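I opened this entry to keep track of what I looked up and in what order. I went from the whole chain to single sites.

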Amino acid sequence: MSRAFILLLDSFGLGALPDADKYGDAGANTFGHIAKWAAKEGKPMSLPNLEKLGLAAAAHKASGEWAPGFDLRDGFTGAWGVAREQSTGKDTQSGHWEIAGVPVLFDWGYFPKTVPSFPAELTDKLQALTGVPGWLGNCHASGTTVINELGDEHVATGKPILYTSADSVLQIAAHEEHFGLERLYEVCEAAYELVKPYNIGRVIARPFVGANGDYKRTSNRHDYAVPPIAPTLLDHVKEAGGEMIALGKISDIFAGQGVTRLVKGPDNMALFDRLLEVADEAGDKSLTFVNFVDFDMHFGHRRDVAGYANALHELDARLPEFMAKLKDGDLVVITADHGCDPTAPGSDHTREHIPMIFFGPGVKAQELPTADTFSSIGATLAQHLGVKPLSNGTALL
């Protein structure tokens, strides 16, 4: 029996890529800088399960530095290493698609860091099509911040909040009750068609609830994404008759392509609960792909170092629950899609190495060569599952 699991810690980078300076990210190091901050605060990080698998050794391989508080130098139980991104940019879709065998070798369209960020031609057309009274925001912003800043005005005027980021994305936030969830989806569907000439990767519906300056985004987020430009590992698994189980926002990122089952959860720990359930029931030749989005959405973009550290501790503490459910023939990889260094200026992703930490009952502990593309992760899983090989990447085990 062969099963595979991808546990993607969204934004968990291990150190700047050689070309990071081209993106304004020289010196970025999501994990390393969190560990340094924690040590300076007198509360050194302790991630014993990830460390035993080889996390700190992989981070040293990427950055040349040992993270403070991580003292294990040998005796690792996983196959550990790092991968470099072949795609241009540092966005969500590019990272995920490349892991699944399809690097993005073209340039996405992006909206500028100006106010307004969106061209009047686009916003005027969208307003005419949807009948909204206007727009708020129209800028680069952290979503959790902008809804608290503009939520009251949105509720009073009915104007949706429009914003973007360093990703190739247009995001629209609106109150689920005052504006309506289905109405928000309709506005985003119209926007998705209008942004196609701009080569934008995603339109994201960002519903929220609350009142009087205290608002919270809900799990009813929906991404309207451009589908992958070629078949991915997900497609190969589905075509081979295996189940492709997408947890969290994975299905949205791949526009549903190759997905056979979608499982949702409002936060990291809820998704971990769903992962445990899937581990009990997933069958032979299945691929389970989960994105733990809180690392990026709540802590990386918000530059919340303490929150990011705490979320890592929470996940590490629960890893043994998942490991106990693994069966002979299971292969797991812990990885990421980009960095989002919470100590960096601004609120954007950072271009970094990502971890490749493979483990399972039959995995030999070893140091892996640095992969020159994220696709080597997918190539390794394709070989393990016995599905059609990917057109990019090299199997590592």
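**Entry 1: the whole chain**

I noted at the start that this is a predicted model. I looked up the secondary structure and got 13 helices and 14 strands. Next I checked the radius of gyration. It is 20 Å, close to the 21 Å that the globule rule gives for 397 residues, so the chain is as compact as a globular protein of that length. Along the principal axes, the C-alpha atoms fill a box of roughly 60 × 50 × 35 Å.

I then looked up burial and found that 59% of the 397 residues are buried. The chain exposes about 14,600 Å², and carbon and sulfur atoms supply 50% of that area. I also checked contact range. Of the contacts between residues at least 6 apart in sequence, 69% join residues at least 24 apart.

**Entry 2: the first annotated set**

I went to UniProt for annotations. Its unreviewed entry lists Asp296, His301 and His349 under "binding site". I asked why these three count as one spot. They span 54 residues in sequence, yet no two of their C-alpha atoms are more than 8.4 Å apart, so they gather at one place. Asp296, His301 and His349 also belong to the lining of the largest cavity.

I took Asp296 next. It sits in helix α11, residues 294-300. Its relative accessibility is 4%, so I logged Asp296 as buried, the cut-off being under 20%. Beyond its neighbours within four places in sequence, Asp296 contacts Asp10, Ser11, His301, His338, Cys340 and His349.

Then I turned to His301. It lies in the loop between α11 and α12 (305-323). His301 is buried too, with a relative accessible area of 17%. Setting aside residues up to four places away, His301 touches Ser142, Asp296, Cys340, Ser347, Asp348 and His349. I looked at Ser347 for polar atoms. Its backbone oxygen is 2.5 Å from a polar atom of the His301 side chain.

**Entry 3: the second annotated set**

The unreviewed UniProt entry also lists Asp10, Asp337 and His338 under "binding site". These span 329 residues in sequence, yet no two of their C-alpha atoms are more than 7.3 Å apart, so they gather at one spot.

I placed Asp10 in the loop between β1 and α1 (30-40). Asp10 is buried, at 0% relative accessible area. Its contacts beyond four places in sequence include His96, Lys249, Asn291, Tyr308, Asp337 and His338.

His338 lies in the loop between β12 and β13. It counts as buried, at 1% relative accessibility. I checked what His338 contacts beyond four places in sequence, and found Asp10, Asp296 and His349 among them. Lys90, Asp91 and Thr92 are also included.

**Entry 4: helix α13**

My last question was how many of the 11 residues of α13 are buried. The count is 9, so this helix (residues 375-385) is largely enclosed by the rest of the structure. The buried residues include Ser375, Ile377, Thr380 and Leu385.

I looked up what they pack against. The partners are β1 (3-9), α4 (92-99), α8 (233-239), β11 (287-292), β12 (330-335) and β13 (354-359). I ended at Gly386, which follows α13 and has a positive phi, near 75°.

Methods. Residues are numbered from 1 along each chain as its sequence is written. This is a predicted model: local features need pLDDT of at least 70, side-chain atom pairs count only at pLDDT 80 or more; totals for chains, interfaces and linings use all residues. Side-chain values use heavy atoms; hydrogens and water are left out. UniProt positions are given in the numbering used here, feature names are shortened, and annotations may be inferred rather than shown by experiment. On a 1 Å grid over the protein atoms alone, a cavity is a set of points where a 1.4 Å probe fits but cannot get out, and a pocket is an open set with protein on both sides within 12 Å along at least five of seven lines; lining residues have an atom within 4 Å of a point. Helices (H or I, at least four residues) and strands (E, at least two) are DSSP runs, numbered from the N terminus. Buried means under 20% relative accessible area, exposed over 50%, partly exposed in between (1.4 Å probe, protein chains only). Contact means heavy atoms within 4.5 Å. A polar contact is a pair of N or O atoms within 3.5 Å; within protein, one must be able to donate a hydrogen and the other to accept it, and residues adjacent in sequence count only if both atoms are side-chain atoms. The radius of gyration is taken over C-alpha atoms; the globule rule is 2.2 Å times the number of residues to the power 0.38. Accessible areas come from the Shrake-Rupley method with a 1.4 Å probe; for residues, only the protein chains shown count as cover.
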